[in-house]
Amino acid sequence: MIGNILEVISAFAYTLVLSLVNLVKMFLPDSYFYKDIKGENVLITGAGSGIGRLMALKLAKHGGIMVLWDMNTKGNEETAEMIRKAGGKAHTYTVDVSNKEILYKFGEQVRQEVGDITILVNNAGIVSGTPLLETPDNKILKTFEVNVFSHFWAIKFFLPKMIEMKKGHIANVASLAGHSGTHKLVDYCSSKFADVGLDEALRVELFVQGHSDYIKTTCLCPYYISTGMFAGVQSKLIPILEPEYVAERAVSGILTNREVVMVPGWCAILVAIKALCPSEGMMRIAQAFGFNCSMDQFQGRKKKGE
Ligand SMILES: NC(=O)c1ccc[n+]([C@@H]2O[C@H](COP(=O)([O-])OP(=O)(O)OC[C@H]3O[C@@H](n4cnc5c(N)ncnc54)[C@H](O)[C@@H]3O)[C@@H](O)[C@H]2O)c1
């Protein structure tokens with residue numbers, strides 16, 4: 001019993017030391033701690049627009065050989081062209097990541113044509129933006145297939161080789177919506193909560209299995225970003241984020257092996273308050289910040305002809 005108590009105390013002491021180290025690191029440029037990814041094969045899903053494209057451009061600048069997956073062939077080719085123009089390397093594949101068989105087929109093709117992936121960025125995502133009872137069943141299913149299940153299939157496909165090579169990084173793009181539920185986003189929020197859970201449980205599993213020294217994970221949790229995915233959204237107090245800034249924070253998080261990247265960072269305080277406060281009080285706080293009505297004017301990406 002005494003042994004157990006001592007173990008708990010020493011774990012808390014270790015956490016305190018790590019927190020102090022992280023505090024000091026906050027005052028130093030992230031670039032001091034960047035790992036070298038030159039020549040590594042980096043796969044990004046949803047690379048044909050938004051932050052997927054911007055992360056791809058930045059990771060290519062750091063020397064990553066980019067493997068771009070998107071079902072939007074044109075957007076994906078444009079990203080590749082931008083990378084090549086900047087002197088980087090990119091391979092494109094038109095992949096619908098919501099389809100497990102297709103994802104595995106293209107995983108195999110990438111392995112044959114490019115080689116083993118050591119950095120996987122699960123970024124592709126979609127949003128319905130309607131109240132739950134007005135959201136058709138097939139849209140709820142699709143949201144989970146793209147936002148969550150594709151992460152599972154891609155991880156299951158690429159992780160075994162990372163473990164064998166003792167080198168790998170898996171980044172999962174979730175959202176602040178994965179920490180806090182919101183009106184008109186019931187399917188989206190629950191898919192992003194699942195991403196946060198997947199990322200955290202996987203990190204624990206890698207630790208317990210002894211792979212955590214060489215396989216790292218990063219969970220990206222941004223607030224609304226002006227990429228077009230959430231076009232029309234109104235934010236009362238927190239400014240809507242610039243895609244360039246979010247992509248920079250995400251890439252920096254990957255290169256420094258940061259486990260969780262919240263953007264803006266101070267939103268971690270709101271998440272902590274939520275864990276401690278009565279939920280009725282939290283509802284009032286969310287109301288005051290305007291979170292609950294943020295989706296009222298949501299339009300999202302317009303499809304051709306709309
Ligand atoms: N935009 C925001 O406000 C915001 C906020 C927090 C988190 N996120 C998350 O960031 C990620 C990127 O979002 P974004 O804002 O850049 O959106 P975006 O719409 O610009 O990019 C998403 C990309 O995913 C691709 N995609 C969608 N379904 C696909 C499928 N089945 N197979 C392959 N590719 C597919 C799209 O073609 C598109 O290129 C998403 O996971 C999103 O949920 C976005």
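**Notes on the structure**

1. The protein chain contains nine helices and seven strands. Its radius of gyration is 20 Å, close to the 19 Å that the globule rule gives for 306 residues, so the chain is as compact as a globular protein of that length. The model is a predicted one, and the remarks below should be read accordingly.

2. Taken along the principal axes, the C-alpha atoms of the protein chain occupy a box of roughly 55 × 50 × 35 Å. Buried residues account for 39% of the 306 in the protein chain. When contacts between residues at least 6 apart in sequence are considered, 70% of them join residues at least 24 apart.

3. The seven strands form an open sheet with parallel pairing, in the order S3-S2-S1-S4-S5-S6-S7. At its edges lie strand S3 (89-94) and strand S7 (260-263), each of which pairs on one side only. From one strand to the next, the twist averages 15°.

4. Within this sheet, strand S5 (residues 168-173) and strand S6 (residues 215-222) run parallel and are joined by six bridges. Asn-172 has Cys-219, in S6, as its bridge partner. Helix H3 (residues 73-85) packs on the sheet, where it touches strand S2 (65-70) and S3. The direction of helix H3 makes about 175° with that of S3.

5. Which residues come nearest to the ligand? They are Gly-46, Gly-50, Gly-125, Ser-175 and Thr-227, out of 30 residues around the ligand.

6. Leu-255 belongs to helix H7 (residues 243-255). Why does Leu-255 count as buried? The reason is that 21 other C-beta atoms lie within 10 Å, and the cut-off for a buried residue is 20 or more. Leaving aside residues up to four places away in sequence, Leu-255 touches Tyr-34, Lys-35, Ile-37 and His-62. Leu-255 and Thr-218 are 37 residues apart in sequence, and their C-alpha atoms are 9.7 Å apart in space.

7. Two residues other than glycine have a positive phi and may be examined in turn. Lys-184, with phi near 65°, is placed in the loop between S5 and helix H6 (186-208). Lys-184 counts as buried because it has 22 C-beta neighbours inside 10 Å.

8. Asn-257 has a positive phi of about 55° and lies in the loop between H7 and S7. Is Asn-257 buried or partly exposed? With 13 C-beta neighbours inside 10 Å, Asn-257 counts as partly exposed, because that class covers counts between those for exposed residues, 12 or fewer, and those for buried residues, 20 or more.

9. A further backbone feature concerns a proline. The peptide bond from Val-263 to Pro-264 is cis, and its omega is near -5°. Pro-264 is found in the loop between S7 and helix H8 (267-276). Strand S7 (260-263) is also one of the edge strands of the sheet.

Conventions:
Residues are numbered from 1 along each chain as its sequence is written. This is a predicted model: local features need pLDDT of at least 70, side-chain atom pairs count only at pLDDT 80 or more; totals for chains, interfaces and linings use all residues. Two strands pair if DSSP finds at least two bridges between them. Helices (H or I, at least four residues) and strands (E, at least two) are DSSP runs, numbered from the N terminus. Axes are lines fitted to C-alpha atoms, for helices over the stretch in contact, and angles run from 0 to 180 degrees between N-to-C directions. Two residues are in contact if their C-beta atoms, placed from the backbone, lie within 7 Å. A residue is near a molecule or strand if its C-beta atom, placed from the backbone, lies within 6 Å of it. The radius of gyration is taken over C-alpha atoms; the globule rule is 2.2 Å times the number of residues to the power 0.38.
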